[in-house]
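Welcome to a short tour of a protein model. Please take a look at the sequence and the 3D view, and then read on.

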Amino acid sequence: MRFPYKTDYGQDLDLFKSSSDRFWYGLLALVLLSMPLWVDTFWLGEVSYVFILGIVGIGLMILTGYAGQVSIGHAAFLGIGAYTHAILLSMGTPFVVSLVGATALSTLIGAGVGFPALRVAGIYLAMATFAFNFLVEFVFVRWESMTGGFSGFAVASPEFLGVSFTSGGGFYYICLLSIVLAILLTLNLLRSPTGRALIALRDSETAAQALGVRLARYKTTAFAISAGLTGFAGALFAHRIGYLAPDIFTIMFSIQLLLMVVVGGMGSIHGAIFGAIFVGALPQLIAIMRDYLPDSVARQPGIEPGIFGLLLVLTILFEPRGIYGRWLKIKHYFSVFPMHKKAAFSRQKSYTKSER
Amino acid sequence: MTELSQLIVYGLATGCIYSLIALGFVLIYKATEMVNFAQGDLLMLGAFVAVTFILTLGLSYWLAFILAVIVMAAFSYGLDAVVLRRVIGQPQFSVVMLTIGLGFIFRAGATMIWGTEPYNFPAPFSSGVSVVGGVVISHVAISIVVGTVVLCSILWAFFRFSKLGVAMQAASQNQLAAYYMGVPVKRIFSLIWAISGGVAAVAGILIAPLTLVDNTMSMLGLKAFAAAVLGGFGSIPGALVGGILIGMIEQVSGAYFIDGSKDIAAYATLLLVLLLRPQGLFGAVGRKKV
């Protein structure tokens, strides 16, 4: 086990904790940058999708993992971003401007939804967000002049400075750049006073309030940032799917997004990324698994949501810290190799926490 | 006027179902502070179990009714004892996610066992109608209202007069004190889950002749949240009144507002209540203690 011995303030500000971190992230950057050279278009598309999910994951992680507010309605923000972007593009707005427009609109709406959240806590918020999801879905269906209703809406291909990049490399780099920016933004946000206020608010609202954290302000901020990032990802998502229909942005999708952060690992950026990889890869895994299962089980229509549910339940029961938590445990096991203690990560015994 | 009374009668019937589901939430919430997002799925399972008893085993309606309620009560008891008890003490978020996950599993399981085709639910009074002052009232609607009233009276008497019911009240008011007085709190909680599962089964069987039995029934559970919140989460009379109000709001908005608003009226009401009066009609949201 290594303990970084900090000798100056610069080290505290450093994004990488040690030189080995620097090496591994450098290697990862190299692999990701060179990917279009040695990976075919299909997998490039899949990786871009994971990046998009990753941005949503980071957005949701800020809200749920750091500020402790549950949202079962993030597909709505994704949809708002996607529709705004597509509509702006169809009106001839340049790519970057419409991207900013989509982000801005979902940020505003996010702040609006965050507002009732100030008065209610915990479960009420979960209910408010899923009600919001249904309302937004309704608007997508009914506002036919704008959204095309049930029949859907074709998205114009992305074009930047007169260069069009529909498939493969170009779009991949846009997504890569976006997720890197999102991560940097979030890392910096989390060590700013705002980020620390969010974490304080998650751990104990009352204590945070006593220390002068203004709940109203920070909850709304968390909602707005989270919705903004999700809306931004939604704009990219619109290009990824190419054709928008209201039945994509349902509560099922919201729950899938939430599954992403829970399975990935609550309260860490790594968790959001791991979760995105996991959820992005899951349909493929299920498709592969189907080949090995007997037909009577594999051809069942309801199997996919069932697997989602099962994974959710198993994660919460057996590894509440998600994939990232498990990864930390494995890492710890090897770094202290013969001296690993079973109790190193065990939780304190806990009793029912009362909200009354 | 006749149209409005017709809508109100129909709204009263669906509202009673919302009331029963909301009652299930509230019972569990009052006792364990868990919010059960799978209540609608329990309702769906109850209806499926009953339909199996009737169609496959050829039992009579009343026998199937009682057996399905017992099966669902036992199932919910097991659910609490095996799964939900493990997350006590974890943040509320975990419980929400856990019950959502369980709901998904139940729905997938129901699809695997019973398929995607909806079942017609045969009840002895399925086709009967009465006309009162120009308003057509189906006997199914009457059965729902009567069933709700009977069930609520039984539950009221149970909580008021039986030793077990009083122990349940004690456990939900103060776990520790109840424990010191010799109340087996864990078993009581599982029993409350059992009651809640039984209530869900009753609701499922009552509404089944009206809707057909398939896995979209679980969506009723989400709408019932609106009922529970409107009445003030944690208040039993509130849940009952809230459910009936939501049922009526839904019917009336479906007829008099824009097309399709029936589907979202409950959710819109939910948001409005949270915005304007988060404590609901009957509830009291206290300050959170540290």
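## Where the two chains meet

In this predicted model, 51 residues of chain A are in contact with 52 residues of chain B (contact means heavy atoms within 4.5 Å). Together the two chains bury about 4,800 Å², and 73% of that is on carbon and sulfur atoms. Buried area here is the accessible area (1.4 Å probe) that two parts lose on being put together, summed over both. Across this interface the rule finds 0 salt bridges, where a salt bridge is a side-chain nitrogen of Lys or Arg within 4 Å of a carboxyl oxygen of Asp or Glu.

Which parts of chain A supply at least two residues each to the side that touches chain B? They are helices H5 (95–117), H6 (123–142), H10 (205–210), H12 (251–264) and H15 (303–318) of chain A. H6(A) gives the most, with 12 residues. By class, this side of chain A has 35 nonpolar, 10 polar and 6 charged residues. In this count Ala, Val, Leu, Ile, Met, Phe, Trp, Tyr, Cys and Pro are nonpolar, Asp, Glu, Lys and Arg are charged, and the others, Gly among them, are polar.

## How the model is described

Residues are numbered from 1 along each chain as its sequence is written, and chains are lettered from A and ligands numbered from 1 in the order in which they are written.

The secondary structure of chain A comes to 16 helices and 4 strands; helices (H or I, at least four residues) and strands (E, at least two) are DSSP runs, numbered from the N terminus. Of the 356 residues in chain A, 49% are buried. Buried means under 20% relative accessible area, exposed over 50%, and partly exposed in between (1.4 Å probe, protein chains only).

The largest nonpolar core has 202 residues. Such a core is a set of buried Ala, Val, Leu, Ile, Met, Phe, Trp, Tyr and Cys residues joined through side-chain atoms within 4.5 Å. Among the residues with the most contacts inside it are A:Met127 and B:Phe233. Leaving aside neighbours within four places in sequence, B:Phe233 is in contact with residues of chain A including A:Ile123, A:Tyr124 and A:Met127, and with residues of chain B including B:Phe25 and B:Tyr29.

B:Ala47 sits in helix H2 (residues 39–55) of chain B and is buried, with a relative accessible area of 0%. B:Ala47 and B:Ala200 are 153 residues apart in sequence, yet 9.1 Å apart in space, C-alpha to C-alpha.

B:Thr148 belongs to helix H5 (residues 139–161) of chain B. At 5% relative accessibility, B:Thr148 counts as buried. Not counting residues up to four places away in sequence, B:Thr148 touches B:Cys16, B:Leu20 and B:Leu206.

Over all chains, the structure holds 7 salt bridges. A:Glu319, A:Arg326 and A:Lys329 are linked in a network of them. The closest N and O atoms are 2.8 Å apart for A:Glu319 and A:Arg326, and 3.0 Å apart for A:Lys329 and A:Glu319. A:Lys329 lies in helix H16 (residues 322–335) of chain A and A:Glu319 in the loop between H15 and H16, so this pair ties together parts that are 10 residues apart in sequence.

How values were computed
Predicted model: local features only at pLDDT ≥ 70, side-chain atom pairs only at ≥ 80, totals over all residues. Heavy atoms only, no water.
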